[in-house]
Structure formats: structure tokens, C-alpha cells
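The structure is shown first, and the description follows.

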Amino acid sequence: MANSCGMEARYQATSCSAQITAVAESGPEGRTGWDFMGSRFLKDISFEQVGRTAAAAAVRLLGSRKIQGMKTDIILDNAVGK
């Protein structure tokens, strides 16, 4: 990191992440689900949990349909803020 006032700084760190998009299919219908987990350390990442959460999200969307556009209150899944 550096700026125009002459400040320079740096540090070493690790970064690990897991991200998966899962596909659930039922007949001709297919839906996708997504999940992500990040940490500074690999031991803190649960690849199994990321996969399970993504798969559950995809299955939960089977049978869903689009609705007509409208002005209304909504509730967003916490994954929207990740």
C-alpha cells in the first residue's frame, strides 16, 4: 500500500476460499444454487458445508416460477450480502 504523501506499508497474509454452484434437475427443469466461504486459513474452510448449502439452495428452487414485476417489500437471502 502506498500513497502520494510517501507512506508505504505492506504485510504478508494468507487467504483461502471455497465457492460452488450446484445444479438440481427434475425432469426438464434445472435450477442453480450457490455458496461461498472464506477465511485466512485453509483449516477453517468447510468444503463439505459449502457444497451442501449450494445443493440445498438449488433443490429449494425446483418448482419456482417467475412472477409479474411489482413494487413491494422483499426479504433477501443472507447470501445476497456475502
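## Basis and alanine 24

A residue is called buried at under 20% relative accessible area, exposed at over 50%, and partly exposed in between, with a 1.4 Å probe and protein chains only. By that scale alanine 24 is buried, because its relative accessibility is 9%. The model is predicted, so local features need pLDDT of at least 70 and side-chain atom pairs count only at pLDDT 80 or more, while totals for chains, interfaces and linings use all residues. Residues are numbered from 1 along each chain as its sequence is written, and side-chain values use heavy atoms, with hydrogens and water left out.

Alanine 24 belongs to strand 1 (residues 16-26); strands (E, at least two residues) and helices (H or I, at least four) are DSSP runs numbered from the N terminus. Leaving aside residues up to four places away in sequence, alanine 24 is in contact with Glu29, Gly30, Arg31, Ala58, Val59 and Leu62, where contact means heavy atoms within 4.5 Å.

Serine 39 is part of strand 2 and is buried, because its relative accessibility is 18%. Its contacts, not counting residues up to four places away in sequence, are Ser15, Cys16, Asp44 and Ile45. With aspartate 44, serine 39 forms a side-chain to side-chain polar contact of 3.3 Å. A polar contact is a pair of N or O atoms within 3.5 Å; within protein, one must be able to donate a hydrogen and the other to accept it, and residues adjacent in sequence count only if both atoms are side-chain atoms.

Glutamine 49 sits in helix 1 and is partly exposed at 39% relative accessibility. Its side chain makes a polar contact of 2.9 Å with the side chain of threonine 53. Glutamine 49 and alanine 18 are 31 residues apart in sequence, and their C-alpha atoms are 10.0 Å apart.

## The aromatic pair

Rings of Phe, Tyr and Trp (its six-membered ring) pair if their centres lie within 6.5 Å; planes under 30 degrees apart count as stacked, over 60 as edge-to-face and the rest as tilted. The count under this rule is one aromatic pair. Tryptophan 34 and phenylalanine 36 are stacked, because their ring centres are 6.3 Å apart and their planes lie at 10°. Tryptophan 34 is partly exposed at 31% relative accessibility, and phenylalanine 36 is partly exposed at 30%.

## The largest pocket

On a 1 Å grid over the protein atoms alone, a pocket is an open set of points where a 1.4 Å probe fits, with protein on both sides within 12 Å along at least five of seven lines; lining residues have an atom within 4 Å of a point. The largest pocket holds about 170 Å³ of space, its volume being the space filled by probe spheres set on the points.

Its lining has 12 residues, and Trp34, Ala57, Arg60, Asp77 and Ala79 lie nearest the centre. Strand 2 (29-39) and helix 1 (47-61) are the elements that give two or more residues to this lining. By class, the lining comprises four nonpolar, four polar and four charged residues. Here Ala, Val, Leu, Ile, Met, Phe, Trp, Tyr, Cys and Pro count as nonpolar, Asp, Glu, Lys and Arg as charged, and the others, Gly among them, as polar.
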